[in-house]
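Hi,

Here is the structure I promised to pass on. Have a look at it first, and then read on for what turned up.

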Amino acid sequence: MTLLCVPLVSKTVEQMVADMAAAKACGADLVEFRLDHLSNFDPRRDLHLLLGDRLLPALVTYRPNWEGGEYEGDDKQRFQALCLAMELGAEYVDVELKVAEDFVRLISEKKPENFKLIISSHNYQSTPSSEELSSLVARIQAAGADIVKIATTAVDIVDVARMFQVIVHCQEYQVPMIGLVMGEKGLISRLLCPKYGGYLTFGTLGAGKESAPGQPTISDLLNVYNIRQIGTDTKVFGIIGKPVGHSKSPILHNAAFKSAGLNAVYVSFLVDVLADFLNAYSSADFAGFSCTIPHKEAAVRCCDEVDPIAKSIGAVNTIVKRPTDGKLIGYNTDYVGAISAIEDGIRGSKGVGKDETVSPLAGKVFVVIGAGGAGKALAYGAKEKGAKVVIANRTYERARELANLIGGHALTLAELENFHPEDGMILANTTSIGMQPNVDETPLRKQALGVYAVVFDAVYTPKVTRLLREAEESGATVVGGLEMFIRQAMGQFELFTNLAAPENLFREIVKKHI
Ligand code: NAP
């Protein structure tokens with residue numbers, strides 16, 4: 001079982017003791033006292049306070065600044081404090097590989113039976129090759145480690161695959177190992193630890209309480225990623241994007257997996273080059289992916305087979321790895337998600353039942369702002385429903401290409417300002433304009449909104465964008481991006497699992513978290 005460790009980085013002993021109680025209440029297995037973060041640290045006085053009558057097992061670390069810590073003094077005093085921590089019953093002490101030999105010599109006669117020495121190596125620049133990582137493990141072991149700890153930095157998410165390989169290798173030889181890759185691109189090394197057999201992973205008490213870059217909170221580890229349920233056989237799903245940290249998809253899909261009793265976890269993958277990522281995580285365990293900005297179009301090229309609708313749209317937002325042959329199959333659930341949300345929005349506003357056979361989009365002018373992944377899905381969908389599609393985009397050339405592809409009309413953003421061929425038009429924003437944090441921005445001035453009967457915004461953070469607020473003030477029926485988000489996610493869940501998506505649960509979670 002991978003242990004959950006909360007790093008304690010407060011400046012005072014009192015706060016560390018209080019944080020230890022909070023860590024226990026959250027469900028941590030142990031805490032790491034980062035002695036180098038304490039102001040005016042007095043080993044004799046403070047270690048008794050920290051280690052006496054403690055609520056959780058303790059890992060004690062006194063990291064020097066030459067290894068990324070805050071301690072600036074000499075090793076003699078540092079070692080004395082760590083030795084004292086061991087004598088006072090700390091279960092673990094962490095010491096750096098560079099000085100491990102001296103420390104091991106110092107404690108060799110006094111090491112208590114249940115005490116474990118972690119010997120660590122940190123690389124704040126990159127992640128070395130698999131061979132270099134393996135030889136580092138061997139050096140750390142040879143130095144006398146009970147537990148090997150290697151923390152590197154993810155320059156690219158593919159770096160984490162090498163760390164996983166090394167942890168698995170250590171498992172085979174029964175060498176306990178903590179292998180973590182720092183930074184946002186390394187997040188999966190922290191979340192998927194139990195799958196590969198990592199000895200422990202760190203979870204913080206909250207933002208600003210990290211001891212290394214990229215640590216998630218313990219609350220997210222336990223309550224979003226359900227980390228206690230992750231094991232060797234757990235299937236991994238996730239959202240591929242850049243940026244991706246803001247995505248609420250992990251909250252939604254993990255809750256749905258849990259409610260369906262599936263042995264699966266959903267994470268976020270901060271990916272630079274889609275093809276490299278898919279190549280590095282080609283094992284059957286990485287079973288399905290959602291794709292977001294800017295990878296939806298590249299995903300069409302990276303899949304072995306693409307569903308005809310996704311192919312026509314030219315954008316894939318869902319990739320499923322077919323279990324029988326490992327082939328990647330691409331789909332698009334944005335199209336149905338957005339179009340059905342707009343149709344139901346219009347029908348609802350008119351008090352008409354949802355099951356009308358003729359689409360309320362049929363025959364209407366449907367203006368799409370944007371020609372990226374979401375723009376393509378909306379334009380394709382509106383055309384399928386019989387609308388007269390018009391595409392306006394910052395890069396006019398892309399608007400023209402899309403208009404040619406689906407049989408529509410292209411405009412520049414400037415032309416859109418005075419575009420009014422008929423009444424009752426529908427407007428759909430598919431750019432990120434107005435998305436947090438730029439909530440004061442809008443893709444079309446309020447003065448130009450009066451000619452639209454219906455306005456949809458794909459942006460869903462905030463729930464009500466400036467565009468929607470001003471459209472409503474101008475008398476339009478408005479449909480928010482959240483409805484599209486819920487529906488496209490339901491479509492993805494069904495493709496990932498072959499089960500019906502738990503709609504009520506999805507709606508409850510969205511209400512609570514977005
Ligand atoms: P994308 O493929 O990168 O396309 C972005 C589009 O927005 C392009 O047409 C781009 O124009 C335009 N654009 C970006 N910034 C702009 C700016 N400052 N001014 C004018 N135009 C700008 O992205 P996407 O995947 O289609 O996503 C677009 C938006 O839709 C995002 O906000 C995303 O969160 C949202 N979305 C929501 C859902 C949902 O479920 N509600 C689903 C998918 C997407 P150029 O061609 O000139 O670059």
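Strand S11, residues 286-291, is mostly covered, with six of its six residues buried. Keep in mind that this is a predicted model, so please read everything here as computed from that prediction.

What does S11 pair with? On one side of the story there is strand S9 (residues 235-241), which runs parallel to S11 and is joined to it by five bridges.

Now for the helices. H1 covers residues 13-26 and H2 covers residues 43-51; their axes come within 10 Å and cross at roughly 15 degrees. Angles under 35 degrees count as roughly parallel, and H1 and H2 are therefore roughly parallel to each other. Their crossing is right-handed.

Which residues of H1 and H2 meet? From H1 come Val13, Met16, Val17 and Met20, and from H2 come Asp46, Leu49 and Leu50. Sorted by class, that contact has six nonpolar residues, one charged residue and no polar ones.

Cheers

Technical notes. Residues numbered from 1 in each chain as written. Predicted model: local features only at pLDDT ≥ 70, side-chain atom pairs only at ≥ 80, totals over all residues. Heavy atoms only, no water. Axes fitted to C-alpha atoms, helices over the stretch in contact; angles between N-to-C directions. Helix = DSSP H or I, 4+ residues; strand = E, 2+ residues; numbered from the N terminus. Parallel < 35°, antiparallel > 145°, perpendicular 65-115°, else oblique. Left-handed = near helix turned anticlockwise from the far one by under 90°. Contact = heavy atoms within 4.5 Å. Nonpolar A, V, L, I, M, F, W, Y, C, P; charged D, E, K, R; others polar. Buried < 20%, exposed > 50% of the residue type's maximum accessible area, 1.4 Å probe, protein only. Pairing = 2+ DSSP bridges.
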